[in-house]
Amino acid sequence: MAAGDLITSAANTWCPGCGNFAIEHALKDILGEMIAAGTPAEEIVLVTGIGCHGKMADYLGVNSFYAIHGRTIPVATGIKIANPDLTVLCCAGDGDCYGEGLEHLLFAAKRNVDITLLVHDNRVYGLTTGQYTPTSPLGFPGRSTPQGTPEYPLNPVELMIAAGATYVARGYTRRLPQLRELIRDALRHRGFSFLEVFQICATFYNQTAYYDEHACDLDPGEFPTADAARALRVAREWDYSRESRIPLGALYETTYPTYEERLAEHRAGTRDPVAVIQRLFAERT
Amino acid sequence: MPVEEFSVLIGGRAGEGINKASAVLNHLMAKLGRYVYMYYDYPSLIRGGHNFAIVRSADQPIRTHRDRVDVVLALNQETVRLHAGRLSASGVVVYDSSSVKEADGIAIPLDQILKEEKAPAITRNSGLIGAFCRVAGVPWAVVDEVFREEIPAHAEVNLRVARRAYDAAEERFQVEATDRPPLPVLTGNEAIALGLVRGGLETYIAYPMTPTSNVLHFLAEFAERSALTVVHPESEIAVILMALGAAYAGKRTAVGTSGGGFCLMTETLSLAGMAELPAVIVLGQRPGPSTGLPTYSCQTELLFARHAGQGEFPRLIVAPADVDEAYLWSARALDLAWRFQVPAILLVDKTLCEGGYSASFDPAVEVVEPPAPTEEPGEGPYLRYRLTPDGVSPMRTVPSPGAVIKVNSYEHDEAGITIEDAALSTAMQEKRRRKGEALARALEEYATVAVYGPPEARVGVVSWGSTVGAVREAAAGMPVRVVQPVVLEPFPAEAFRAAVAGLDRLVVVEQNWTGQLEQLMRLHGVGADARVQRYDGRPFTVDDLVARLAEVV
Ligand SMILES: Cc1ncc(C[n+]2csc(CCOP(=O)(O)OP(=O)(O)O)c2C)c(N)n1
Ligand SMILES: [Mg+2]
């Protein structure tokens, strides 16, 4: 594919009305802006999981690592360890990174690795045709839980603030101007950026009416805050199950040395393998 | 009594520094220009329990230990109880008389010596080593030199204690010095680590697991000298995924684990196969199933390593037998993994990983350097999975100006975009198959099957990995040919058949009960007539094998 085309010629197979289209176009525009502003296109890397969200790797004309289910973050971390200058964006699913690969999410936050994680939270397994995920509400009648899921959902925003993410935000695909701002901010932030995006699954969980009715904006004068306790209070307003307003926007942002910076502090020595091995031999004889 | 071959066993409770003591003994024997092999036996716990090491030395290369030892160094009564029976006819127990109450031999009153020298408890081992050196006829100047090199920060106090014990003991043997320059004694883990460094390793990622944890520890320290990045992440799943991420971004990366961790890596191993991303996996075998005997040895993962991961894809599996092969093949595994964009598995075991061996290799040994990124023939955009005659696509890594590099776990087209088309799927499967064939052809350049023994032999003994060391030595007095496939996948069938040509009878020696190498041989049309197996976690000793081979050869 020719470098420079940010949308590939791959045939798009998302369902009509899928929230992923809005994310795709926002990403295309924002990555285009970054390139226009001087970021070399080859220094942008997209890592995706497996699920409907993962198709972003096929559709966006940038470097991409279409990984396996639940595992975007360790791949992205490896890329960052190898080359801290790269801009690394993960597009993950809610089943993908809150279920299958949850441990990596916690560790990305704990390490403050400088990657941006965009979670396509449709609160359902789209690609495997409609089972509940860790953010589906209590009682969600998915295909594996026709009588309703017996589990309470996880609140990832709360979890991420607690685990040490240094940028935590929530957006919604039908609030596009705000979503674009959040994506820009998340990519700009140095450290682990967590951006949860509510998108509807047109086929298996169409929550458009609910989100439209309940979404509300955080006061931009007050948020993002670097006060984790305040951010947590807002994060807990909605528990993903009860009826409540849903605060959107950047909740939390703070600065902290990144994982790669700390790792690089320990890197020293020479790149002459034979010489270092010979020196060791001399010490051992 | 002058001796050419000599073994000393040092034993005590876990936590008493047996490992360090054996390193000092290794170094002493190496200093005398002798070849060394060290066996280290310890339970999976930190304090208490019984640890022992056997340091065997000879004036010829050795790769295993014997049941018999000439000296037992006993830090506690249990060592005498467990090991006095191993003593050779002229053997002697040297013991700490402060803690050992019942023993025949040379008593060293370590409590008293330590008290008088105002020395800390940890110098107790130095006392026994000092006494040992006198018993073995090691000149004091050598002892002095080795202590200063091994314990530079606390040499004086250790030497005072060692000297007192040296004077309290008496000479029983004259362990002969040779005029060969001393060879360093390395563990298999160290040789693997150094081989990877030689091969251009830039990143090492691992989650601790015996028996390969010491590759991680060694490289984490070595990183200060060699510009390595060493990372210990949350799990083996993260380990191997990070490695593929790093490879995608251009870093030569290796990982290390044992069977349990490798189980967790298998989904990503398959990703490496599909995405054509290279990685080297150091797989140290230990007895299973499950947690098994964590600190003991076996050869049970050959077929697992060969089949791990869903789908069909080429991979390299290499099983070195000693530190020389470990160094060479670790470097080569990196090279081949990167040239053919395949996962490579260094299949080793606890015996090799944690055993000590005199290293005769030259650190500067030739390894093929990574080829510069090939520019594609002709025009057009970069295609990560360009279909080529040998199946190997030019590999570029991010960032690469002008190229969009897409790797994909789904079946994909040349550009890396997901496809489901039947014809293109076939083409891609066949591309990967051709790549495996190209790898097999490249391996023909190397000695993938080692052969030892007289040409007129009519009986062959086939073995692999660390077991080969014991087999070679046990077979030395027998009219047999020892055959060792070093590369196990792609199986060097032609070289193997040539190696066993003319033999009337084949015996396979391996540390498992399902006969994994034997099964692999059968797959390539070579059957076995007898088998010698062991699966108690302990490596074959020379004596053990001499007896068992005599029954079947
Ligand atoms: C190890 C593994 N388990 C299961 C699957 C099957 N699978 C593919 S996508 C998916 C769920 C996708 O849900 P989500 O991550 O929310 O993505 P979405 O399709 O909703 O975007 C599952 C279970 C898989 N590919 N790999
Ligand atoms: Mg989903």
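Select B:Arg66 and B:Glu5. They form a salt bridge, with the closest N and O atoms 2.8 Å apart. The term stands for a side-chain nitrogen of Lys or Arg within 4 Å of a carboxyl oxygen of Asp or Glu. The pair links distant parts of the chain, 61 residues apart. B:Arg66 sits in the loop between β4 (48–58) and β5 of chain B. B:Glu5 sits in the loop between β1 (2–3) and β2 of chain B. Helices (H or I, at least four residues) and strands (E, at least two) are DSSP runs, numbered from the N terminus. Over all chains, the whole structure holds 48 salt bridges.

This is a predicted model: local features need pLDDT of at least 70, side-chain atom pairs count only at pLDDT 80 or more, and totals for chains, interfaces and linings use all residues. Residues are numbered from 1 along each chain as its sequence is written, chains are lettered from A and ligands numbered from 1 in the order in which they are written, and side-chain values use heavy atoms, with hydrogens and water left out.

**Stop 1**

Pick B:Gly11: its bridge partner in β5(B) is B:Ala74. Strands count as paired if DSSP finds at least two bridges between them.

Now colour the whole sheet. Eight strands form an open sheet in the order β7-β6-β5-β2-β4-β3-β16-β9 (chain B), with mixed pairing. At the edges stand β7 (105–108) and β9 (185–187) of chain B; each has a single partner strand, so one side of each is left without a neighbour in the sheet. The twist averages 20° from one strand to the next. For such angles, axes are lines fitted to C-alpha atoms, for helices over the stretch in contact, and values run from 0 to 180 degrees between N-to-C directions.

**Stop 2: the five-stranded sheet of chain B**

Move to the open sheet with the order β18-β20-β19-β22-β23 (chain B), made of five strands with mixed pairing. Its edges are β18 (449–452) and β23 (530–533) of chain B; each has a single partner strand, so one side of each lacks a neighbour in the sheet. Neighbouring strands are turned by 20° against each other on average, direction ignored.

Zoom in on β22(B), residues 505–510. Four bridges join β22(B) to β23(B), and they run parallel. B:Val507 has B:Ala530 as its bridge partner in β23(B). Next, select α16(B), residues 493–500. This helix packs on the sheet, touching β18, β19 (459–463), β20 (480–485) and β22 of chain B (contact: heavy atoms within 4.5 Å). Its direction makes about 175° with that of β20(B).

**Stop 3**

Most residues other than glycine have a negative phi, and most peptide bonds are trans. B:Pro490 lies in the loop between β21 (487–489) and α16 of chain B. Jump to B:Gly288 and B:Pro289, joined by a cis peptide bond with omega about 0°. B:Pro289 is in the loop between β13 (279–285) and α11 (302–307) of chain B. Then pick B:Lys118. Its phi is positive, about 50°, although it is not a glycine. Find B:Lys118 in the loop between α3 (110–116) and α4 (124–136) of chain B.

**Stop 4: where chain A meets chain B**

Show both chains. The contact takes 53 residues from chain A and 66 from chain B. The two bury about 5000 Å² between them, 64% of it on carbon and sulfur atoms. Buried area is the accessible area (1.4 Å probe) that two parts lose on being put together, summed over both.

Select β2(A) and β17(B), residues 406–408: they pair in the parallel sense over three bridges. A:Phe65 stands opposite B:Val407 in β17(B).

How many salt bridges are there between chain A and chain B? The count is three. In one salt bridge, the side chains of A:Arg284 and B:Glu190 meet at 2.8 Å, N to O. On the side of chain A that touches chain B, elements giving two or more residues include α3 (72–82) and α11 (273–284) of chain A. The largest share, ten residues, comes from α11(A).
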